[in-house]
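Have the model open beside you while you read. We'll go through a few spots, one at a time.

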Amino acid sequence: MAEPSSTSMSVEEALRSRHSVRGFLPDPIPRQSIAELLILARLAPSGANLQPGTFHVLTGEALNSLTQTLDEAIAAGRPEVSEYSYFPEAMPGELKARQRAAGFALYEALGIGRRDTQARREQFRRNYQFFDAPVGIVVSIQRDMGKGCFMDLGMALMAFFMAAESRGLGASGIGALAKHADVVHKALELDPSEMVVCGMALGKPDPQQAVNNCRTERDSLDNYSRFLGFED
């Protein structure tokens with residue numbers, strides 16, 4: 001397979017422009033384009049070069065089948081089966097405030113009121129439809145990998161997002177997919193040794209969809225960093 005071609009967008013430009021895209025155009029994304037993104041993602045560092053994680057890429061009927069299966073499971077009231085804890089078991093107040101602020105930003109962009117629980121619930125279910133993106137990716141990891149390998153996989157995911165952004169594509173991580181890991185596992189006939197970590201939606205951003213106007217704030221430098229031994 002040919003090596004990915006270079007792009008003109010700088011790393012800083014990609015970082016500053018990247019955001020979670022939840023509204024997509026229906027345009028199909030060529031297999032070769034996705035393959036190039038995955039090759040770039042695998043350039044991310046990993047401890048002992050273990051390169052953890054597998055990317056199961058779906059489109060067309062394969063993606064439709066998975067989203068329909070998930071929708072039917074949720075509609076039937078199937079209980080959530082998550083294989084790992086995504087958030088702190090007891091969310092500290094400071095982090096809870098950030099979580100709420102992110103939710104408010106999303107719902108404000110969509111024009112959903114704070115007390116409109118039905119609309120919020122329907123928006124959340126769009127996670128399981130991969131936000132109608134033309135490409136859905138299920139990310140898994142071997143169960144016997146250590147916790148550090150999740151960090152390494154996260155770096156590969158970020159590399160994927162950056163590569164997509166640099167090529168004019170939009171993407172969004174879907175952590176909620178792990179809440180129905182058993183459904184996904186069965187639908188994709190994954191090996192028992194694999195754990196469902198998350199999903200990703202990929203496609204061309206639809207500039208007409210209000211959801212893509214959502215932006216979240218980042219913490220100030222002083223709150224998350226220390227500088228020692230420097231001369232001001």
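Let's start with a word we'll need a lot: a residue is called buried when its relative accessible area is under 20%, exposed when it is over 50%, and partly exposed in between, using a 1.4 Å probe and protein chains only. This is a predicted model, so to speak of local features we need a pLDDT of at least 70, side-chain atom pairs count only at pLDDT 80 or more, and totals for chains, interfaces and linings use all residues. Residues are numbered from 1 along each chain as its sequence is written, and side-chain values use heavy atoms, with hydrogens and water left out.

| Residue | Relative accessible area | Class |
|---|---|---|
| Arginine 126 | 19% | buried |
| Proline 134 | 11% | buried |
| Cysteine 149 | 8% | buried |
| Cysteine 198 | 9% | buried |

Take arginine 126. It is found in the loop between H5 and strand E2 (135-142). Helices (H or I, at least four residues) and strands (E, at least two) are DSSP runs, numbered from the N terminus. Arginine 126 counts as buried because its relative accessible area, 19%, is under 20%. Contact means heavy atoms within 4.5 Å. Not counting residues up to four places away in sequence, arginine 126 touches Arg22, Phe131 and Asp132.

Proline 134 lies in the loop between H5 and E2 as well. Leaving aside neighbours within four places in sequence, its contacts include Phe24, Pro28, Leu58, Leu63 and Leu202. How far apart are the C-alpha atoms of proline 134 and proline 28? They are separated by 5.7 Å, although the two residues are 106 residues apart along the chain.

Now for helix H4, residues 93-110. Gly103, Ala105, Leu106 and Tyr107 are buried in H4, and the buried residues of H4 pack against helix H5 (117-125). Just after H4, glycine 111 takes a positive phi of about 75 degrees.

Last, the cysteines. A disulfide is a pair of cysteine sulfur atoms within 2.5 Å. How many disulfides does the structure hold? It holds 0. Cysteine 149 is in no disulfide, and the nearest cysteine sulfur, that of cysteine 198, is 15 Å away.
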